[in-house]
Amino acid sequence: MIEIILGLLLGIFVGTITGLIPGIHINLVGGIAVSSAAVLSGLSPIGAVAFIVSISITHTFIDFIPSIFLGSSNEETGLSVLPGHEFLKRGRAQEAIALTVIGGLIGLIILIILTPLFIFILPRVYTYFNNVMFFILIFISLFMIFIQERKFLAFIIFMMAGFLGIASFQLQINQPLLPLLTGLFGGSSVFLSIIHKVKIPKQKKIPLRNLIRNKKDYLESAGAIALSSPLVSFLPGLGSGQAAIIGSTFIEENNRKNFMVLLGGINTLVMGLSFVVLYSIGKARSGSAVFISSLLENMSLNNLWMILVVTIISGILAAFLSLKLSGIFSRIIVRISYRIISVIVMLFLISLIFFISGPLGLIIFITSTALGIFTSLSEIRKTNLMGSIMLQTILYYTPF
Amino acid sequence: MLKLKEISLILSLSGILILLFISQNRNIEHIEGHAINFTNKGNSLIINLRSAENGIIETLHCMDCEFLPNIEGKYLLIEAHYENDKKIIDKMEILDD
């Protein structure tokens with residue numbers, strides 16, 4: 001019991017740090033944590049599992065802070081950069097973070113509701129969904145393109161991102177998603193902030209009770225989270241990015257608040273469900289689930305309950321931490337030149353990519369940043385850049 | 001003078017083409033050496049081969065290969081590509097020894 005509590009607290013601490021580092025993906029964090037024998041040697045397998053679960057869930061809450069304040073991103077938070085930045089420029093970054101936190105908490109509630117369904121129904125329907133996934137993805141991609149005014153350009157950008165994604169994965173470099181998505185969503189926004197000399201206004205403090213009043217909107221977001229996340233949590237090749245695209249089709253267009261809630265919810269729910277999926281059908285669908293499966297040879301129902309309890313507790317604590325940290329960031333961000341912050345973030349991302357993915361990673365980063373800039377300047381929605389993952393996922397599921 | 005929008009388009013298009021070119025060439029590997037052993041499982045085939053270049057034993061996979069006669073000890077010229085961390089055989093030529 002003590003080991004579980006120790007793992008949980010240690011996980012919250014490490015997850016907060018990794019969440020605050022721009023561009024860091026949870027799979028990378030899990031890999032570092034597991035390979036770090038010094039961290040885990042003092043813990044039993046069950047304590048180590050609590051540690052991994054706690055890092056992962058905490059990271060899903062905290063990693064919106066660098067996305068919204070600094071414009072950096074990863075697979076899970078990529079789509080939050082643009083709307084998040086709009087909140088920041090209107091002095092409402094804290095509200096944006098609070099909305100993702102509310103989304104994360106809604107995600108935890110949905111996780112509790114969906115767990116019994118995943119345990120009893122998923123083993124029976126898993127194959128069926130696998131067979132129709134190709135058609136679902138084609139439909140979503142076409143929908144994404146056709147809802148835009150400049151359909152042809154949206155299609156071209158979708159395909160360019162798609163080919164870039166395919167090339168990046170075929171290069172056999174370490175963590176190809178890091179330069180790819182960091183450039184498409186983060187690098188391009190940071191670059192435009194440097195060029196356009198973005199001035200950040202004083203950030204407003206919005207009481208949480210004002211946000212909680214809006215229950216009808218949250219119901220819409222909760223429905224979108226519940227409909228989009230389960231599908232991607234058990235099928236291979238899919239993740240939070242695709243869930244965000246699917247989910248955004250269920251919410252009202254241009255409703256940025258609901259979109260932030262949606263992203264926060266999906267991020268946490270997809271991670272939580274990956275643990276349930278590991279028990280239900282024995283498949284690891286997230287980096288963290290892979291590490292858990294290597295620690296627990298046969299995952300029992302008791303193990304799953306422990307994981308869910310750690311998920312809920314670390315989620316609630318991470319929610320408080322996220323709100324506290326967003327307040328601190330709000331005060332700091334207006335005191336320092338945003339241009340200098342952007343330059344530092346850009347240099348950090350370049351160094352991180354070079355260190356992890358090597359020189360070819362840098363070529364991917366430059367290309368994806370350029371494509372992200374072109375998309376922003378052409379006023380095409382950045383969701384089309386998810387073609388970088390969608391196109392190869394469609395090819396993966398092609399039945400013929 | 002070109003605007004940022006045009007520069008970013010040119011940069012992204014040329015970057016994609018360069019990366020596709022590198023990935024296609026980087027992905028293909030020419031391996032030759034003696035086959036140590038091999039396993040036929042239906043249409044799938046696994047060959048362990050000692051590389052003539054550096055003596056390292058390479059494991060090569062063929063997903064849709066016809067049943068092979070005994071190739072143990074034979075000298076093989078193979079063109080393979082990487083897929084999910086596996087080396088997949090595209091072309092194979094069997095020499096006598």
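Modeller: Gladly! Keep in mind that this is a predicted model. Let us begin with a single bridge between strands: B:His61 has B:Ile88 as its bridge partner in strand E5 of chain B.

Colleague: Which strands does that belong to, and how do they run?

Modeller: Strand E3(B) and strand E5 (residues 86–95) of chain B run parallel and are joined by two bridges.

Colleague: And which partner does strand E2 of chain B have, and in which sense do they pair?

Modeller: Strand E2 (residues 44–51) of chain B pairs with strand E3 (residues 57–62) of chain B in the antiparallel sense, over six bridges. You can follow the pairing residue by residue: B:Leu45 is bridged to B:Cys62, and B:Ile47 to B:Leu60.

Colleague: What lies between E2(B) and E3(B)?

Modeller: Five residues do, and the two strands form a hairpin. In the turn, look for B:Gly55, which has a positive phi of about 80 degrees.

Colleague: Now to chain A. How many helices and strands does chain A have?

Modeller: Chain A has 18 helices and zero strands. Its radius of gyration is 20 Å, close to the 21 Å that the globule rule gives for 400 residues, so chain A is as compact as a globular protein of that length. Along the principal axes, its C-alpha atoms fill a box of roughly 55 × 55 × 50 Å.

Colleague: How much of chain A is buried?

Modeller: Buried residues are 57% of the 400 in the chain. Contacts tell you about the fold too: of those in chain A with a separation of 6 or more, 83% link residues 24 or more positions apart.

Colleague: Let me try one residue. Is A:Leu99 buried or exposed, and why?

Modeller: A residue counts as buried when 20 or more other C-beta atoms lie within 10 Å of its own. A:Leu99 is buried because 33 other C-beta atoms are within 10 Å. You will find A:Leu99 in helix H7 (residues 93–120) of chain A. Setting aside neighbours within four places in sequence, A:Leu99 contacts A:Leu211, A:Lys257, A:Met260, A:Val261 and A:Gly264. The C-alpha atoms of A:Leu99 and A:Tyr218 are 9.6 Å apart, though 119 residues separate them along the chain.

Colleague: What should I look at in helix H9 of chain A?

Modeller: Start with its span. H9(A) has 20 residues and reaches 29 Å from first C-alpha to last, close to the 28 Å expected at 1.5 Å a residue. Just after H9(A), A:Gln172 takes a positive phi of about 60 degrees. Among the buried residues of the helix are A:Ala154, A:Phe158 and A:Leu164.

Colleague: What does A:Leu164 contact?

Modeller: Beyond neighbours within four places in sequence, its contacts include A:Leu180, A:Thr367 and A:Leu371, along with B:Ile16 and B:Leu19. A:Leu164 counts as buried because it has 27 C-beta neighbours inside 10 Å.

Note on methods:
Residues are numbered from 1 along each chain as its sequence is written. Chains are lettered from A and ligands numbered from 1 in the order in which they are written. This is a predicted model: local features need pLDDT of at least 70, side-chain atom pairs count only at pLDDT 80 or more; totals for chains, interfaces and linings use all residues. Two strands pair if DSSP finds at least two bridges between them. Helices (H or I, at least four residues) and strands (E, at least two) are DSSP runs, numbered from the N terminus. The expected span of a helix is 1.5 Å times one less than its number of residues. A residue is buried if 20 or more other C-beta atoms lie within 10 Å of its own, exposed if 12 or fewer, and partly exposed in between; C-beta atoms are placed from the backbone. Two residues are in contact if their C-beta atoms, placed from the backbone, lie within 7 Å. The radius of gyration is taken over C-alpha atoms; the globule rule is 2.2 Å times the number of residues to the power 0.38.
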